[in-house]
Protein chains: 2
Amino acid sequence: MKAILLKEHGGIEGFSVEEIPEPEVRSGHVLVKVAASSVNPVDYKIRQGLLPVGPELPGILHGDLAGTVTQVGEGVEGFGEGDEVYGCVGGFKGLPGVLSEYALADARLLARKPSNLSMVEAATLPLVGITAWNALIDRARVCEGQTVLVHAATGGVGHVGLQLAKAFGAEVHATASDDHKIGVGLELGADRMINYKQTEVDAYVQSETEGAGYDAVFDTVGGKCLDDSFQAARIGGTVVSIAARSTHDLTPVHVKSLSLHGVFMLLPMLRDDGREKHGEILGELRSLVEGGKLRPLVHEEVFDFQDVGLAHQLLESGKAMGKVALRANW
Amino acid sequence: MKAILLKEHGGIEGFSVEEIPEPEVRSGHVLVKVAASSVNPVDYKIRQGLLPVGPELPGILHGDLAGTVTQVGEGVEGFGEGDEVYGCVGGFKGLPGVLSEYALADARLLARKPSNLSMVEAATLPLVGITAWNALIDRARVCEGQTVLVHAATGGVGHVGLQLAKAFGAEVHATASDDHKIGVGLELGADRMINYKQTEVDAYVQSETEGAGYDAVFDTVGGKCLDDSFQAARIGGTVVSIAARSTHDLTPVHVKSLSLHGVFMLLPMLRDDGREKHGEILGELRSLVEGGKLRPLVHEEVFDFQDVGLAHQLLESGKAMGKVALRANW
């Protein structure tokens with residue numbers, strides 16, 4: 001079968017289309033004919049060689065997939081040949097990625113694809129959807145009556161977070177960097193949108209919450225955005241971060257008795273611990289999508305798998321709107 | 001009445017015994033004849049002028065009190081003249097402290113004194129007991145089947161934290177700096193004691209938890225102890241800190257998907273928000289004390305109120321065992 005192999009870390013010239021053997025189905029796994037994938041920051045960081053979790057080279061990158069089951073391994077329940085599925089299944093050490101004609105996937109990491117989404121749309125949701133669910137539902141326990149601030153409303157994780165918090169009954173404010181993105185955030189259902197390039201955190205906490213701060217703040221960016229999140233949270237409030245990797249003054253965590261939750265979505269894949277939770281979350285996300293409460297924001301230009309390098313460059317440029325998707329078109 | 005006034009920030013020479021008017025009882029408050037108090041680090045930091053929460057000078061310091069109700073204000077239910085009570089009631093901006101013959105106290109901050117404790121013993125519990133309850137019960141939700149690591153087993157907050165985690169069914173490991181303190185920690189009920197001066201965090205996580213880490217870690221010290229707490233927590237575990245006031249590398253919070261809870265026990269007093277919760281916790285602590293599950297660790301030498309400066313110096317020296325107590329002996 002055809003596959004995109006990363007042969008060396010660095011620029012996009014490390015990618016190469018190669019012919020490799022089809023994977024054989026294993027116990028607990030299914031073989032999926034891959035129809036679509038999408039790019040997440042972890043993918044280009046692995047390509048660049050910046051993360052220790054990447055596969056041995058030459059290796060196949062990318063975790064997000066949508067496709068059709070072609071073979072079902074021993075012990076797998078709930079999936080049959082011909083089922084359309086989606087999930088985030090690999091691209092890491094010991095777990096091959098999906099940029100190939102067929103991909104072997106642990107069945108616990110999959111769910112049936114939302115029926116009202118195309119393969120390309122479905123393939124943009126798994127990593128960001130599970131991440132946002134981990135953050136807002138599992139950890140921050142967002143619920144009706146709460147006020148929630150979501151940073152980067154049109155980002156991969158942000159646009160799902162915004163809609164999830166709304167779906168769970170919160171009043172949702174969100175940040176973005178320009179007027180166009182602010183319009184998109186409002187279309188996605190934000191109650192208020194904040195231009196963070198024009199308004200400092202203290203100013204919008206004052207104007208939007210009368211100085212009280214938010215019950216929960218979702219940092220999808222890291223760095224200064226995490227410091228701003230501490231500022232934006234109310235006394236006794238919650239901050240969830242998917243990028244708490246740097247050094248921060250924790251004084252606001254103390255003086256406001258905050259709770260900070262770090263979210264590293266890949267752990268169940270990397271450690272083979274709790275993978276069934278990912279399949280369950282994807283089932284919940286499917287219900288929300290089919291119920292009209294969640295839709296993926298997919299960047300207009302969709303790339304063929306062979307052009308994965310261009311897709312990486314677009315996401316790295318910061319100019320993508322929502323998720324950058326790839327379609328299998330060998 | 002007699003009172004100890006702090007006349008200027010700095011050394012212990014700022015304290016002075018003075019004659020001042022007795023406070024008048026107010027709605028929602030009771031007047032207490034003060035029998036005992038104790039020293040907490042916040043008291044000497046206020047004396048030194050290091051914290052912005054201290055009273056205007058000249059002012060009365062110290063929050064922890066045990067004593068007898070002499071007058072009951074309008075609207076107060078649950079307390080009558082002659083009741084023996086304990087609580088942490090003031091010593092902050094707008095809330096006078098207790099180093100005086102009589103103290104005015106918001107009744108929501110009080111509970112009946114545990115019947116099996118002396119006034120001196122009871123006065124050592126409120127601030128540290130409420131802090132440990134906030135941290136381990138309200139925030140970390142410690143329960144049966146969990147493993148909990150408590151830092152500074154013989155410290156003011158630590159010795160209560162150790163016993164609370166045991167009372168709620170956890171397996172409790174705790175740290176201390178020498179053999180004597182390790183013996184005291186075992187007497188207080190620790191399942192394992194760790195000499196943190198002899199064993200680095202990675203080593204005891206390996207030897208005591210087979211490398212897995214603890215479900216919950218209680219940082220009662222701050223600084224390096226908080227970094228060690230991040231190291232000692234299991235993947236997906238919880239760290240609670242009462243001293244998260246410095247700058248920290250949050251990488252472990254991300255890569256282990258940790259939860260960090262900051263606890264600043266004074267907030268309900270300073271903001272007049274949720275004070276009734278303090279009275280309720282003191283009621284829970286009384287039940288634990290009367291049930292033999294919690295006892296205060298009181299430093300051998302007990303000081304007269306007039307010698308509050310010496311009591312401060314002892315706690316500041318780091319040589320106290322448990323809480324430093326003061327008795328009214330005018």
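Entry 1: I began with B:Asp272, which counts as exposed because it has 12 C-beta neighbours inside 10 Å, and the cut-off for exposed is 12 or fewer. I note at once that this is a predicted model, and I keep that in mind for everything below. B:Asp272 sits in the loop between α9 (267-271) and α10 (275-290) of chain B, and its phi is positive, about 50°, although it is not a glycine. I wrote beside this that most residues other than glycine have a negative phi.

I then looked up A:Arg141, for which phi is near 50°, again a positive value in a residue other than glycine. A:Arg141 is placed in the loop between α3 (126-139) and β8 of chain A, and I record A:Arg141 as exposed, with 11 other C-beta atoms within 10 Å.

**Entry 2: cis peptide bonds.** In chain B I found the bond from B:Leu57 to B:Pro58 to be cis, with omega near -5°, and B:Pro58 to lie in the loop between α1 (41-48) and β4 of chain B. For reference, most peptide bonds are trans.

**Entry 3: a glycine in chain B.** I next turned to B:Gly73, which lies in the loop between β4 (64-72) and β5 (84-88) of chain B. Is B:Gly73 buried, exposed or partly exposed? I count B:Gly73 as partly exposed, because it has 18 C-beta neighbours inside 10 Å. When I leave aside its neighbours within four places in sequence, B:Gly73 is in contact with B:Val25, B:Arg26, B:Ser27, B:Gly28, B:His29 and B:Val30. I also looked up its separation from B:Ala135, which is 62 residues in sequence and 32 Å in space, C-alpha to C-alpha.

Entry 4: In chain A I followed strand β11 (residues 214-219), of which 6 of the 6 residues are buried, so the strand is largely enclosed by the rest of the structure. Strand β8 (residues 147-150) of chain A is joined to β11(A) by 3 bridges, and the two run parallel; here A:Val150 has A:Phe218 in β11(A) as its bridge partner. With strand β12 (residues 233-241) of chain A, β11(A) pairs in the parallel sense over 5 bridges, and A:Phe218 stands opposite A:Val240 in β12(A).

**Entry 5: the domains of chain A.** The domain assignment gives chain A a domain 1 (2-124 + 269-327) and a domain 2 (128-262), and their C-alpha centres lie 27 Å apart. In chain A, 14 residues of domain 1 are in contact with 12 residues of domain 2. Which helix gives the largest share of the side of domain 1 of chain A that touches domain 2? Helix α10 (residues 275-290) of chain A does, with 6 residues, and the residues of that side of domain 1 divide into 8 nonpolar, 3 polar and 3 charged.

**Entry 6: where the two chains meet.** Last I looked at the interface, in which 22 residues of chain B are in contact with 22 residues of chain A. On the chain B side, β13 (247-249), α8 (251-255) and β14 (259-262) each supply at least two residues, and the residues of this side divide into 11 nonpolar, 9 polar and 2 charged. Strand β13 (residues 247-249) of chain A pairs with β13(B) in the antiparallel sense over 3 bridges, with B:Asp249 in β13(B) as the bridge partner of A:Thr247.

How are the two copies related? Chain B can be laid on chain A with an RMSD of 0.0 Å by a turn of 180° and a shift of 0.0 Å along the axis, and that is the relation of a two-fold axis.

Technical notes. Residues numbered from 1 in each chain as written. Chains lettered and ligands numbered in written order. Predicted model: local features only at pLDDT ≥ 70, side-chain atom pairs only at ≥ 80, totals over all residues. Buried ≥ 20, exposed ≤ 12 C-beta atoms within 10 Å, placed from the backbone. Helix = DSSP H or I, 4+ residues; strand = E, 2+ residues; numbered from the N terminus. Pairing = 2+ DSSP bridges. Contact = placed C-beta atoms within 7 Å. Nonpolar A, V, L, I, M, F, W, Y, C, P; charged D, E, K, R; others polar. Least-squares fit on C-alpha atoms with pLDDT ≥ 70 in both. Domains from an automatic or database assignment.
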